[in-house]
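Welcome! Take a moment to look over the sequence and the model, and then we will walk through a few parts together.

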Amino acid sequence: MRAFSLMALLVSGVVLAGCGGDGGDSTGQRSLVAQVVFDPDTIVIEVGRDVAVRPALLNDRGAGISGPAITYTASGAGLTVDQLGVVRTSTVGYGTVTATADGRSGTVVIQVIPVVSQIRIRPSTLTLDVNESASFIVELLDSQFRQISAPGMRVTWTLATPTIANIIG
């Protein structure tokens, strides 16, 4: 009888040891998602365009998982996002989209840039003597011919005949 009692005590101890400390939440449900990760973590898109964003859901070992529902929210720069992760833009600027699954969240930065429809260079024509120099001004215009102010946008200059002139700066 003593051997049976000891065996029953050991079995119940093993069963109890397996109950709890499993990382579950207050409802007893174990969260599968440890991280919500966007790659890349910044997206550049032209105003008026749409882009689909979809994060990777990772477990506590860093392995990708599927299944948990993802909810999306957007803030800033005239951004909206639907529940499929399609981001729509309406103004130039910066914003974020946050995805949440199983109580974990991740964020992607959205930079919305203007659509350049026309480039105007002033002066449009110029005659120079040998060893003379001149400066040009570039204007970026949108489809309504409004000048675009876009910090961070670079203009790259090239010459049709680089043997007779060069570009500095």
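Strands S6 and S7 (residues 86-88) pair in the antiparallel sense over two bridges. Here strands are DSSP runs of E with at least two residues, numbered from the N terminus, and two strands pair if DSSP finds at least two bridges between them. In this pairing, Thr 80 stands opposite Arg 88 in S7.

This is a predicted model, in which local features need pLDDT of at least 70 and side-chain atom pairs count only at pLDDT 80 or more, while totals for chains, interfaces and linings use all residues. Residues are numbered from 1 along each chain as its sequence is written, and side-chain values use heavy atoms, leaving out hydrogens and water.

S6 and S7 belong to an open antiparallel sheet of three strands, ordered S3-S7-S6. Strands S3 (50-52) and S6 (80-81) are at the edges with a single partner strand each, so one side of each has no neighbour in the sheet.

Now for Asp 142, which lies in the segment after strand S11 (137-141). Is Asp 142 buried or exposed? Its relative accessibility is 14%, so Asp 142 counts as buried (buried means under 20% relative accessible area, exposed over 50%, partly exposed in between, with a 1.4 Å probe and protein chains only).

The table shows its links to other residues.

| Link of Asp 142 | Residues | Cut-off or distance |
|---|---|---|
| Contact, leaving aside neighbours within four places in sequence | Val 115, Ser 117, Ile 148 | heavy atoms within 4.5 Å |

Key: Helices (H or I, at least four residues) and strands (E, at least two) are DSSP runs, numbered from the N terminus.
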